[in-house]
Structure formats: structure tokens, C-alpha cells
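I took it element by element and wrote down what I looked up.

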Amino acid sequence: MLSTNDSSKNSLNNSLNNSSSDRSKPATNKNSVRAQHRNSNQPQTVWQIDLQHTLGQGETQFNVDIQFKSTAQRIVLLGPSGAGKSQTLMMLAGLVEPKQGLIRFKERVLLDTSKKICLTPQQRRVSYMFQDYALFEHLTVAQNIGFALSKGLFNPSSKRIDDKVNVWLDRLGMADAALKYPHQLSGGQKQRVALARSLVHQPDALLLDEPFAALDRDIRGELRSLLIDVQSELNLPMILITHDAEDAQAFAQDTILINAGKIVGE
Amino acid sequence: MSSFEFDSALIALGLTLKISLWATAINLILAVGLAYYFATRRFALRNTLDAILTLPMVLPPTVLGYYLLVLLGRQGPIGEFLEHYFNIRLIFTWQGAVIAAAITSFPLVFKSARAAFESVNPQFRQAASSLSIHHFFIFFRVTLPLAWRGIMAGTLLGFARSMGEFGATLMVAGSIPGQTQTLSITVYEAVQAGQDQLANFLVMLISIVGFLILITSNYLTPRGMRNTHA
Amino acid sequence: MKRFFVLIVLTISMLGAQAQTLVVSAAASLTNAFTDIGSVFETENPGMTIRFNFAASSTLVQQINQGAPADVLATADTYSMNRAQKAKLIKTATRINFVENQLVLITPTDSKLNLTTLTDLNNAYVTRIAIGNPNSVPAGLYAKNTLESAQLWQYLAPKLIMAQNVRQATLYVSQNEVDAGFVFLTDANTAGKAVKVAFVVNTPNTIVYPAAVVTGTTQPDIAQKFIHFLKSDAAQNIFTRYGFKSVTQ
């Protein structure tokens with residue numbers, strides 16, 4: 001059961017911050033930054049991107065040349081398959097290092113090749129959701145969701161479930177499936193688990209690679225709404241890539257068209 | 001077969017197990033570590049180095065043994081260093097036998113582990129790193145659990161190979177009863193000396209142990225479904 | 001028609017000539033000498049090729065026993081040949097002793113030890129002695145017999161490192177992994193400067209090398225011819241060059 005109650009817009013955020021097993025984090029600072037952002041008159045630049053990269057060799061060489069600046073919280077990179085969207089997203093996450101580029105997220109510099117700055121994925125605090133979800137097959141749903149909460153050598157316990165994980169399980173209506181393994185889940189369930197996993201540790205942004213592509217039409221609408229709700233509740237900047245114009249229409253505050261590695265429209 | 005022969009057979013079995021376990025433990029760390037590096041990083045000469053590391057599998061064991069003797073002996077670069085600074089001598093010791101066994105079984109563990117690591121979808125690692133988990137922990141929490149079946153199968157193969165190791169061990173460790181005379185060497189000498197009863201008993205012993213190891217290894221070898229990415 | 005006939009005969013005789021291969025199974029210590037002797041034999045008998053099979057004497061007997069094809073057997077000790085004879089693997093009438101060898105004690109080239117007799121081996125500075133496994137290596141067996149008759153075997157046994165063949169024993173000495181080793185004089189000569197001969201060991205039994213025609217040979221005449229050749233001056237000169245001795249009995 002998905003709750004879309006407007007009055008509890010900030011309930012998720014509050015539950016997460018008030019949970020008893022709160023690992024030390026400057027959560028309050030972030031809240032106030034977000035509050036400031038909402039109340040300020042001038043929209044702050046969220047993303048400033050300038051990337052050049054070459055993939056492959058010879059005949060199959062593919063050049064990516066992307067620049068954009070956006071103040072939007074919800075951005076969609078729209079384009080056909082093979083347009084270079086995934087590559088762009090991976091560069092934003094730090095999973096691929098471009099030949100040349102600059103990535104600014106709010107006031108942080110994630111990448112600046114001219115100054116030889118390149119934060120590792122771990123340092124960027126930008127979560128990445130894969131098209132195939134990449135759920136850890138050997139861990140339960142609860143362990144998957146709570147994965148980022150365990151910082152050390154061991155995975156979260158399979159028996160004792162962290163409060164923060166429980167909050168997400170309830171929010172997504174997955175409490176019954178907590179001890180199931182990924183291969184026992186449906187596509188829609190996997191997507192929800194992947195979403196929770198990428199958000200439980202309160203990252204600064206979320207990148208989604210074709211999140212709805214593997215799902216049936218009827219579920220797609222449901223999950224799009226869920227994503228929008230979560231995004232506004234957490235006030236979390238998201239970039240979503242897709243080839244489906246419907247996704248862009250439903251989700252985007254800012255749509256960027258990409259084809260053959262270049263921006264062809266906004 | 002006399003009771004003395006029976007006792008020496010059991011001593012040889014115990015010695016062989018000790019040497020093989022140590023050799024396998026070394027390879028578990030060394031071969032698996034290197035396999036992970038080779039599976040996940042691209043670097044110049046990667047294929048060339050892989051082929052060099054697999055070489056012990058191709059070389060005749062006595063040839064390998066000869067080169068080990070030259071390297072690890074007191075006149076060799078490594079042996080001289082060890083003797084001079086640590087007063088360690090490897091030739092004619094069970095430790096030397098461990099090295100010979102480890103080197104000859106290294107390719108088996110290395111290749112299996114590399115294949116196992118390569119079969120793990122890199123997206124798992126990438127997802128974990130975007131969740132701010134350190135590389136070192138990702139290896140133990142994600143990659144290793146997903147690859148462990150293939151690694152185990154390879155390790156067991158390596159263990160079986162160590163048990164059967166003969167040519168190189170003979171050169172490096174000699175054939176000293178109770179210290180370096182492993183099962184395979186004992187069989188060989190029994191055959192050479194015409195001690196058929198003892199030889200037959202030893203062959204049966206080795207076969208049973210080897211059979212058990214190999215059956216376990218087959219059981220652990222990944223079956224298609226489990227290791228495909230989500 | 002006549003030309004056709006000549007062609008056939010020529011072809012057959014050429015085939016016949018190429019079919020004359022002799023397989024000689026010989027002890028490893030005979031490798032160098034036999035290879036040279038084989039070349040001379042082939043030169044003096046054009047159309048004949050010799051294929052050598054060098055291995056430990058006990059291995060050779062095992063091979064023939066299991067049906068391996070060989071025409072001539074030459075071992076480094078009488079015990080192996082006796083076993084072959086007992087198992088009727090050789091034609092007893094063709095058995096001869098063709099050469100002798102001597103057992104020596106060798107040490108690493110730069111060894112500081114001054115060893116002149118067998119009892120010197122009891123010295124505490126002698127920690128390891130290489131010896132071929134007496135169960136399968138002739139040189140090792142001769143050494144063991146010598147030590148036993150000198151009442152030294154039980155004292156020296158803990159120091160002994162068993163090698164699978166004399167080459168390995170020599171290798172251990174040249175690599176300075178052992179303090180001394182028992183090998184044949186011919187092996188010491190082959191090793192050259194890598195080892196030093198300390199002294200010649202007086203063995204209770206003379207070290208004779210027997211040769212015989214194998215029972216299952218397909219070339220009995222050539223096999224016999226080869227064995228005779230071993231006693232010829234040409235062959236004996238080659239043997240002496242490598243450190244062997246002519247048969248004294």
C-alpha cells in the first residue's frame with residue numbers, strides 16, 4: 001500500500017531523522033540548508049556539468065560532449081538508446097572518469113580535470129540506481145536496503161533490522177518481504193527495494209538509469225508517482241535518464257534532450 | 001606389507017596433508033588476491049603476465065623443480081638472502097616442499113578465481129561504491145560472497161594438485177622419510193624398488209583422498225543460474 | 001619389364017635399409033659415452049639408426065618387463081641385469097660385461113673439508129651426504145654396500161639425502177646443498193668444475209656394466225653386432241675418455 005497523503009509530506013524525512021538508531025550524521029545541517037533553499041528567492045544552481053569523453057576505438061568510437069546547468073530538482077535526460085545517457089550518468093556518479101570535465105553539485109566540486117580533482121564514488125554521496133537494480137543476490141531485502149548503514153567489514157545482520165530500514169519497508173509496503181531474497185521478488189518490488197537501498201543513508205542526490213524500462217505499463221505509472229512523492233518529501237535532487245517521453249512528461253521539471261553524445265535541446 | 005611399511009605410509013599421509021594444507025592456504029591468499037586484481041583492473045601486459053603466472057602448469061615438474069632448486073638453494077638469489085639474514089634453509093625441508101606444491105598448484109587456483117571474479121557483474125561493485133562503502137569492504141561483503149563457489153572449486157583443485165605434487169617436490173625437498181617424503185614420492189619409490197604391495201596400498205589411499213576432494217569440488221562448481229546478474 | 005623389376009628391388013632394398021633401427025635401453029650414466037659410440041656405429045654401418053632410451057637401470061628393466069620394445073639392454077649394475085635375466089627378459093648367451101666404473105666421493109668445488117677416507121664422513125662438519133636411493137640407483141647401492149661392509153652405514157644413515165638418480169645427487173653437490181656425495185667417476189667427470197673429487201671409494205664388488213640382447217628383439221643380428229662393438233677399440237677409447245675403465249676380469 002502506497003501512501004500519497006499530502007499532509008505527511010515531510011513524514012518520511014522526519015521518521016528518518018528521528019529514528020533511534022541514528023548513526024552520527026550532520027542531518028540537521030542538511031535540513032536547514034534545504035529549508036534555506038526552499039525559502040530563498042533566487043533558485044540556486046543544483047548542477048553544473050561540462051563533460052567530454054571518448055569511448056571505444058576506431059570505427060566504434062563514440063564522443064560524448066555534454067554541457068548543462070540546471071536549478072531544477074528533477075531533471076530528465078531524454079534520448080534514444082545508445083545516445084550516451086548512461087555514460088553521462090556514470091560520469092556524474094564517479095564510476096567513469098571522463099577525459100575532460102567539470103561537475104559541480106550545489107556548492108561542491110565533484111570533478112574538475114583542470115585542477116586534477118576527482119572525487120571517488122564513495123566521496124560524492126550520489127546514489128546510483130541501475131536499470132537491472134543490481135540487488136545483492138546473497139542478501140535479504142532488509143539487508144539490501146540497510147547495506148549503506150553498515151560502514152565496515154560486515155553486512156547488516158539478517159535477523160535484526162535497523163529502524164531506518166523498517167521505516168522504508170513500511171513506506172514502500174514491503175514489510176512482508178523483508179526476509180525474502182531478490183530472486184523471489186517481482187520487477188516492481190525489486191525497483192522499490194533498489195530505491196530504498198539508494199536512499200536509506202540520506203545521500204545528496206540520486207541518479208536513476210532507466211528505472212521504469214523493465215516494468216509493465218500499469219506498474220510504471222504507480223512507481224513514477226512513488227518516485228515523485230519520495231523526491232518531494234526528501235527534497236532530493238534527482239537525475240533520471242530514459243528513452244520514454246512519458247517519463248519525462250510525468251517527472252521532469254527540466255528535460256534535456258540528448259542524442260549521439262550531444263545535447264540537442266532543452 | 002609389514003606394520004613398519006603401514007606406519008610409514010600413514011606418516012607420509014600426514015606429512016602430505018600438512019604440506020598441501022599450507023600450500024593451499026598460501027594460494028588462497030596469494031592466488032585469490034592476484035586473481036581479483038587481474039579480474040577487475042586493466043593494465044599493460046595483463047595477458048602476458050597472466051600467461052607467465054600460468055606457466056607452472058605447462059612446465060614439466062622436474063624442470064620447475066630444477067629452477068626452484070637454483071633459486072631457493074643457498075647459492076641462489078633468494079636462498080642466499082634467506083640464509084644470510086634469517087638463517088633459513090628451504091632445500092630438504094618441508095617448508096621447501098610447501099613452496100614447490102604452492103607454485104605448481106597456483107595456476108589452478110588463480111585461473112578459477114579469476115574466472116569467478118569476472119563472472120560477478122561489475123554493477124554490484126559499482127552500486128556498493130555509490131553507497132559510500134570502501135573498496136576494501138566491498139570485496140569482502142559483495143564480491144567474495146558472490147564469487148566464492150568458483151573460488152572454492154579452484155582451491156580444492158589446487159589442494160588435490162598439491163597432494164599429487166611429485167617432480168618439483170622431489171628436487172627441492174628430497175625424499176626424507178618423516179620430513180619431506182610425501183605420499184606420491186613414497187609410491188614412486190615403492191614402485192621403483194618393486195614393493196608392489198606397499199605401492200598398491202598407497203595408490204588406493206591417494207585415490208580415495210583425491211576422489212573425495214574432487215567430488216566436493218564438482219559439487220561446489222557454480223551451476224548456471226546462481227551467478228547470473230539480477 | 002626388366003627395368004620395372006629393378007625398380008621394385010631397389011625400392012624394397014631402400015625400404016629395408018630405412019627399417020634398420022636399433023632401440024638401445026641404457027643406464028643414465030652411459031648417456032654421453034653411448035651417444036658418441038652410437039654415432040660411430042651409425043657411420044660404420046650406413047643405413048642403421050640407433051634410438052637410445054636412457055633411464056635408471058631399474059626403470060629400464062620395468063619397462064621391458066611391461067613390454068616396452070627394446071633390442072639391447074645395458075645396465076649400470078649386475079643386480080638389475082640379474083633381475084632381467086631371472087625374468088627371462090634377455091638372451092643369457094649374449095650377456096657380457098663391456099666396461100667398468102669407479103665410485104667416488106665428491107664435494108662442492110669450494111668445500112673447505114679435507115676428506116680422504118670414508119671414516120672422515122663421521123666428522124661433525126659433514127651434515128648432509130647425497131646418495132642415490134639404494135633401492136633403485138646402482139651408484140647408491142654400491143655406496144650402501146661399501147658403507148655397510150665398513151660398518152659405517154648406521155652412523156651415516158641420518159645424514160643421507162636420497163636422490164632419484166646420480167644426476168640429481170651431483171646437482172645437490174654442485175649447488176652446495178650437501179657436503180658430499182657418492183657418484184660414479186664418470187658422473188663427476190661430466191659435472192666438470194662444478195664438483196671436486198675427494199677420493200676414489202674402494203667398493204667390495206667391482207662395478208661392472210653388463211649388456212645383453214633383449215629376448216623380444218626384432219633385430220637380433222644387429223643387436224648382437226652392437227654389443228660386440230662395445231668391446232671394440234673404438235668404443236673402449238670413447239669409454240676411457242669419459243672416465244670408464246676397461247673390463248679387468
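**Entry 1: a covered strand in chain C.** I began with strand β8 (residues 180–184) of chain C, where five of the five residues are buried, so I put the strand down as mostly covered. I note here that the model is a predicted one. Which residues of β8(C) lie on each side? I find C:Ala180, C:Phe182 and C:Phe184 on one side and C:Gly181 and C:Val183 on the other, all buried, which leaves both faces of β8(C) covered. As background, side chains in a regular strand alternate between the two faces of the sheet.

I then looked for the partners of β8(C). Strand β5 (residues 103–108) of chain C pairs with β8(C) in the antiparallel sense over four bridges. In that pairing I located C:Ile106 opposite C:Gly181. Strand β6 (residues 129–132) of chain C runs parallel to β8(C) and is joined to it by three bridges. There I located C:Ile131 opposite C:Phe182.

**Entry 2: a five-stranded sheet in chain C.** I next traced an open sheet of five strands in chain C, with the order β2-β1-β3-β10-β4 and mixed pairing. Why do β2 (49–55) and β4 (96–101) of chain C each have one side without a neighbour in the sheet? Both stand at the edges, and each has a single partner strand, so one side of each is left without a neighbour. I read an average twist of 20° from one strand to the next.

I followed one pairing of this sheet in detail. Strand β1 (residues 21–27) of chain C pairs with β2(C) in the parallel sense over seven bridges. I found C:Ala26 opposite C:Phe54 of β2(C).

**Entry 3: domains of chain C.** I took the bounds from the domain assignment, which gives domain 1 as 2–100 + 208–242 and domain 2 as 103–201. The C-alpha centres of domain 1 and domain 2 of chain C lie 31 Å apart. How many residues of each are in contact with the other? I count 11 residues of domain 1 of chain C in contact with 12 residues of domain 2 of chain C. On the domain 1 side, α3 (57–65) and α4 (78–86) of chain C each supply at least two residues. By class, I have that side of domain 1 as five nonpolar, five polar and one charged.

**Entry 4: two helices of chain B.** I moved to helix α6 (residues 122–130) and helix α7 (residues 135–164) of chain B, which pack at an angle of about 145° with their axes 10 Å apart. The crossing of α6(B) past α7(B) is right-handed. I listed the residues that make the contact: B:Phe124, B:Arg125, B:Ala128 and B:Ser129 from α6(B), and B:His135, B:Ile138, B:Val142, B:Thr143 and B:Leu146 from α7(B). By class, I have five nonpolar, three polar and one charged residues in this contact.

**Entry 5: how the chains touch.** Which chains have the most contacts among the two pairs that touch? I find that the answer is chains A and B. Chain A and chain C do not touch, and their nearest C-alpha atoms are 46 Å apart.

**Entry 6: chain A overall.** I list nine helices and 11 strands for chain A. Of its 266 residues, 38% are buried. Among contacts in chain A between residues at least 6 apart in sequence, 69% join residues at least 24 apart.

**Entry 7: positive phi.** Most residues other than glycine have a negative phi, and I noted two exceptions. A:Lys116 has a positive phi of about 60°. I place A:Lys116 in the loop between β5 (108–112) and β6 (117–118) of chain A. Is A:Lys116 buried or exposed? A:Lys116 has 6 C-beta neighbours inside 10 Å, so I count this residue as exposed.

The other case is C:Gln151, with a positive phi near 60°. I place C:Gln151 in the loop between α5 (138–149) and α6 (153–156) of chain C. C:Gln151 is exposed too, because 10 other C-beta atoms lie within 10 Å and the cut-off for exposed is 12 or fewer.

Terms used: Residues numbered from 1 in each chain as written. Chains lettered and ligands numbered in written order. Predicted model: local features only at pLDDT ≥ 70, side-chain atom pairs only at ≥ 80, totals over all residues. Contact = placed C-beta atoms within 7 Å. Buried ≥ 20, exposed ≤ 12 C-beta atoms within 10 Å, placed from the backbone. Axes fitted to C-alpha atoms, helices over the stretch in contact; angles between N-to-C directions. Left-handed = near helix turned anticlockwise from the far one by under 90°. Nonpolar A, V, L, I, M, F, W, Y, C, P; charged D, E, K, R; others polar. Pairing = 2+ DSSP bridges. Domains from an automatic or database assignment.
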